[in-house]
Every structure is written in structure tokens, then in C-alpha cells.
Amino acid sequence: MFLKDYQVNVVTELQDFFRVAKKTWTVFNKANEVLPPEMRNAFNYVQKTFETLGKEYKDNCKNGLGECYPRIVMKVPTGGGKTLLAVEAIREYQNIFAQKRTGLVVWIVPSDTIYSQTVKKLRDKANPLRQLLDQASGNRTIIIEKGQRLTTGDIEGNLVILFIMIQSISRVNAKEALKVFQDSGGFESFFPADNRFDLHEELVKKCPNIDLLSKVGPIIKTSLGNAVRLSKPFIIIDEIHKVFSNMARKTINNLNPEMVLGLTATPKREMNILVSITGLQLKDEDMVKLDMHIIPPSDRTDDDWKSMLKEIKDRRDALEKKASGYRQSTGVYIRPMALIQVEATGKDQRGKGRVHSLDVKEFLQELEINPDEIAIKTSAQNDIEDVDLFSRGCNVRYLITKEALREGWDCSFAYILGIIPNVRSNTGVTQIIGRILRQPFARKTCVPDLDESYVYYSKGGTREILDRVAIGFRKEGLEDLITSVKIQYNENVNPTKKVSIRKDLKSKYENALYLPVWVMIEKADKIRRFSYDLDIKPYIGFSSYQMNDPVLKRLQGSLSKETQERQSIIVTLDKESKFATKAEQSGSERSAGEISIEYLTRRYSEIIENPFLARKLAAAHLEYLIQGLGHAKIEENFGYITSFLCRELSDEKTKIEENLFKDYLKNREIKLAVSINPKLGYKIPDEETITVGRAQNPYNNYLFEDIELSSLNSLEKKVGDIFDKQEKILWWFRNKVTRNGYSIQGWRKYKIRPDFIAAKKNDNGNLELVYIIESKEQMLAGNSDTLYKKKVLDLMTDQNKQKRIYHTEQMDIPFGQVNESVEFYIVEQGKEDEKIRTFFN
């Protein structure tokens, strides 16, 4: 396997580091031999290594034995060949630093997809990556996974690559809960017999951070974690930025590594960055498909996603013709693919006013695209599982997703990204932009259309899509390539400007600019912002949730209804080639005989963060249902039963979240408060950035000097018009969905971001009340998200009516007391005129 020039430079940097580190370690180790035990490890050979190489040393690490060790990081952008560089790092580590062919390498990966892809490659002895490892080990490479047997003989006689998931070191309760650290079989050769307490005691002295089953004796746990500690491994961590919290680093240290190499596209400041690969280096080495072309809606019609898909089809068809010609001249096969990002997936999300994955699939078929060329990839449906997308026998040309391709997906045949969600609020696009950047086979075709990438969008403005792409490039480590993004049909991007709050409004009504937020009252009357992650998430417990007879009866009743109602219409041609239809009883989502604890666990893991608890509950629930309904009934309806159980579990989670919040409120541990302290409260920013438009500001009572009219949809424009015409309006403005915008943290994870904020004056012209308004289209008025928002807003309005909105400062405020009169409402489409007039009577 030939290395690119930048990869050769990376390997050279690694060689230099390992060489200097080994030399420095040897000198320091000899010095330690003559020092008393209490002074050993006082000298840091790693710091001296970095000083010798002229590198900045920030991350000072000691393992569980008290020994200094290097934790180095390589910045590798998307498409930079992280797996190849990791394999090269193992080879050079073994040759230069460890100076042996055997030992243990722990390879930690961030996702199931990357895990399975990497293990598959390295187990294949015909794969060039495996062959590189075999060269380093003398054809004695063993690839194992967590749960497989591992012996001291394996490590002493082979180069063992142990793969584990990143969750094993990223969760707060990893040591107690995860199986890596639990007592289990398969590792007996690392430990003395249970009755040899003397040998156990001797081993504890050599490795004081080893986990014990019992301090009496003592008796050491027979666990994978302890086996790793005793082996002092070389650890590779992909996406190391995800496990760089203090807790995660302590867990890494506690594995007693000899050295750690992290790979990431977005390193943190406090990391020891040994090598930094730029996006320009990847572009120069033909690793990425650039330039990237962003194509706005052709007719500027907002939300015309079907026209966008038609354009994407035409573009993809043209690319395939180019690829066919390229194949005829070179023999190299490329099948250009399009990724389509939708607004909704899942059976229960269809028909709620958002573009669903099945809507897109059906429309693509209307464009005469064969069904076998269309695949859906979501958390619940994976049409490309175990499919080799590079195979000439694969027909997939369109892949529909929402968020499932954010990471861990790699197919360089993807050329086009079509974005249906509004790019103004769609953060997901920043995650999947990198999926279309990889150049097939890491070499240019010299066919310009096949060496570039294409992004289409149907909603939002040019500035928003550019911002999203720029963020996406930064997350992929390609921030220096943002100039390679071009806007088709729009060479001059709309300029922006900053606008301030009108001086006459700010000087007279500054007290109305402070809006209430939920705060927690802690011990000694300390106050802080209410946080879902701190105050709700840690206390959500499912361990007491059990299957019972009422749940079983609901399931039985819904199964009977499902059997009666699930009929579909088959459209076919009869023997005379005439159009014919017939009704058929629909089958279950999964075929008979496919009860899958793994599938149910995956679905539960979407709701329960702890995967082991998800597995435990899934097993217990299945066992209960099999006893109550019978094995055959579960087999026949497994897909539906899985969906039913997930709904039950999700409802239970929602109840727990709401009860926790209301208990805080009942116990006066949470309050709605306004504050001039920016860490506690919220103040409307003095200025905001808007896109300069041609139309002038038509409003007389808008809070800011100007407004971005192009960002308002038809409902928002109508609400704005109604606000502006009210006799008692002081000011109003459109709340932006940005970091600086006003948001409400309720008992669910995601914050509520109201659409409008308006101030009402009394008969004397003074501030009377501030309204926080969430506008909803009629079709969304009754969905669960809207009902949740209404509960939260009603609760906040009730606090105002009970005079329970507090201000936290006891000091004098220049403009008098901050406003404590705020009410919160949802306004439905079709009722906006009536509602708003009522508010301002």
C-alpha cells in the first residue's frame, strides 16, 4: 500500500517521536534504578521528549502505576486515512519503542459502524492493512473483540489487537457498570488461583490500581480491565475528543497504558498534538472531492423539495454517464450516489407536515427510478446493512436518511447531498457534509464532474447554507478548504449587517429586555441555571420499570386491532395485462422466527442511555411477554411489539422527566427568575446580525432598527403584521434560533425557542406586560411536541399570575426593578388575529 506524501510525513514524525521517547525513557529508567522507591517516577521523560523535539507539552499523564506516559494526538481530517495511519503507528511503535513483535494494542472506536468496518478489514488477511500488521508481527496477528477469550500466551506470542467501543471509557459510571471491568471468565491465565492469597497480594503490590473482588485475602477480579492493566498496552483512540473529559482521562490512565495515540479531526487545546494534517494537504493528494458546488432552489420557491429531487436526479444521471465513459477508458468502476436528508423518519412520524423518508422514496419512484436503487438508512431501518456499496452488483444510487449518517459511514461514491430540512435551523447538515467529500479510490479521475461534489437545498437562504457548510468543514477538520465552496448562480453572497435595539425603546424600557428563566436553588441559597443534564438526566431511572398485566392487556388489545386493520392494496396486472387490485392481509414487520434481543436492545438504547440496562430490560420484557403471549405470537408480531414496547418506555421516560421537574417546583427547589447576572438570567442582545435585503422594514414597532424579512415564513409575517398594528404595542421582535436567542429549558432535553417576544403598554404608556409567543401551524397544533410546549408555557404563565417570578438581585438597578410580569402562550395558525387582539385589549 503506497502512502501519500502527507502520510509519509506523518510516519516520519511518529518515527522521530518514538525514537526520542525510547532514548529518553532508557536514560530516565536507568536513573530510576539507583533512586529510592519513593523518588522513582518523579522525573517526567515524556516532558523531556517533547522539549527535545520542540513540541508543546500540555497533557501531563500518569498511569495507574504512577508512571508518566505519552498521550499524543494526530489531527486527521475526514478522508485522511485514519485507519491506515493508526496501523502505521502500531508498526512504528512495535519496531522503535516497544522493540518487539508481540504485545497488546487496545483499539477504541467511536461507533458500531466504524467498529464493524475496521474489524472486518483487519481480520481479512488479504487486506493491505492486515498485511502491514502481519509484517510487524511476523504473521502472528490476532484480532479479538470484547467478550472473546484472551490469555497471557496470546500476548506473549502474538501481536494482539483488542477492539472495544468508546462507550467503555466515556461514561461516568464506566468502572462500575461496564463489562470491561466486571468479573468474568476467559482471562484466568493473567491471575493466580483463587486460593493463592499470597500471589494475589504480591500482584496487588506490583499493580496497586488493580480491581479486587474482595479485599479480604485479597482476591483479584478476573476481568478484561485487569488483564489490560497488567499488559501495559499501546492504546489507539479514534475520535479522542469524545473521551477527553476528566473522568474519561482518569479511566484511560487507569488502564495503565505504555502510550496512547489519539486521532481526531477536531483536537482540543489541551491535547499534545504531535501531527496536524490540513485539508489542503488532502486536496493536493486527491483525497477529497472539491470544489463543492452548492445549488440553491432553481425557481426560488420556498420548500419545493420535489423540484430539488428532480434536479438531483438529472445531475446524478449525468454523473453516471461520465462514470460509464471513465470505466470504459480505465476499467475503474464508479457508481455516483445521492444522499437525501429528510425531515422525518419512523412510521409514527409520517403525515405530520414534515417530509418523510417514505415520501421521498415514493417520489423518486415516480421519477422512474427503480426501487432497488433506493435505500433508507435510519436508526430503525437499515437497508444497507451488510451491503457492499462498492460492489458492481450493488444497485443503490439514492440513500435517504435523517441523521443516521452523521458519523461512521464511508462510501466515496456519494457525490450529491440533497437537504430538505430548512438549512436555517438544520444542525444535522453540519454532521453529514463530510459524507460526500471522499474521493473514490483516493485519486482524481481527471474528469472534472467526477472530482467535485454537489449540495442542493430546498429551504433557507444562501448565508445559512454557507454557515452550515463552514461549520461542517470545521468539524471534519477541513476548515482551511472553505474557500473551495462555491454558490452556483450566486457569485455575490448577500452581505450582512449588524442592527441595534432602537435607542428610544432601550432608554425607556430597558427593564423589559430581561426575560425569565428557570433557576435551581441549591444549599446555602446558591442559585444557578436549571440544566437538563444536571437536574433531570442523572435521575431518570428505568431499573424499577417492569412489565405487568395492564401493559400486557394493552398489548393484546392493540394486537387484535392491528390484525383487523392491517390490510394493504396490491396493484398488479392480470393475465390480460389489465390493471387490477386486490386486498391482502399485511405481514408483520419482521418475518416469523426472528425474535431478536439485539434488535429490541438497539431500539431501547435509543431511549435508555445505558446500553447494559437497555439489554437487561429488553431481556426481562421479552421473557415476560413470551410467558404471557406465547413464543409463536411474539414471532408473528415482533416488529409491532417492538414499536409498542418502545412507545411504552418512551412514555415512561416522559412521565419521569415531568415528575422530576414538578417535584422541584413543589419543593421550591426551582424558580422562575429574571436577573441582570448573565450567568443566571437572560437579556435580549443589544444587537443582532441580519442579511441585507432589498425590501425596507415595513414595521413601526419592531424592537431593532431593521428586520430580515427573508427569514420570516408566511405565518410569521402575518403574526408580525398583527403585532405591529396593535394600539397597546410597545415593541415586538422575532426571536432567532441561535445561541444568543431566548430559550426555555423545560423537563425535556431540547429547549423551547419561542418565535416572538412582544411588550404591551398600559394606558399611561408604561410597560404593563411582556408576552412570549410560540406560533404553530394548524397541522402541528395537536402533536406531542406542541402539547409539551403548551404544558411548559402554561406552567410559566401560572407562575406569573401567582406572582412567583423573582429577580435575583437585591442591589439597586440603574433603571429600577427588572420586569417580573411575563406570560407565555402558543398561538395556532388561523387563530392568530383573535388571540393577539385578546392579549392587547
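Both faces of strand E15 are covered: Ser453, Val455 and Tyr457 on one side, and Tyr454 and Tyr456 on the other, are all buried. Buried here means under 20% relative accessible area, with exposed over 50% and partly exposed in between (1.4 Å probe, protein chains only). The model is predicted, so local features need pLDDT of at least 70 and side-chain atom pairs count only at pLDDT 80 or more, while totals for chains, interfaces and linings use all residues. Residues are numbered from 1 along each chain as its sequence is written, and side-chain values use heavy atoms, leaving out hydrogens and water.

- E15 covers residues 453-457; strands (E, at least two residues) and helices (H or I, at least four) are DSSP runs, numbered from the N terminus.
- In a regular strand, side chains alternate between the two faces of the sheet.
- Strand E10 (residues 292-295) runs parallel to E15, joined by 4 bridges; strands pair if DSSP finds at least two bridges between them.
- His293 sits opposite Tyr454 in E15.
- Strand E14 (residues 414-419) also pairs with E15 in the parallel sense, over 4 bridges, and Leu417 stands opposite Val455.

**The nonpolar cores**
- A nonpolar core is a set of buried Ala, Val, Leu, Ile, Met, Phe, Trp, Tyr and Cys residues joined through side-chain atoms within 4.5 Å.
- The largest one has 108 residues, and Trp107 and Val360 have the most contacts inside it.
- Helix H3 (residues 82-98) gives the most to this core, with 9 residues.
- Apart from this core lies another, of 98 residues, among them Tyr604 and Cys646.

**Around Trp107**
- Leaving aside neighbours within four places in sequence, Trp107 is in contact (heavy atoms within 4.5 Å) with residues including Ala86, Ile90, Leu122, Phe163 and Ile236.
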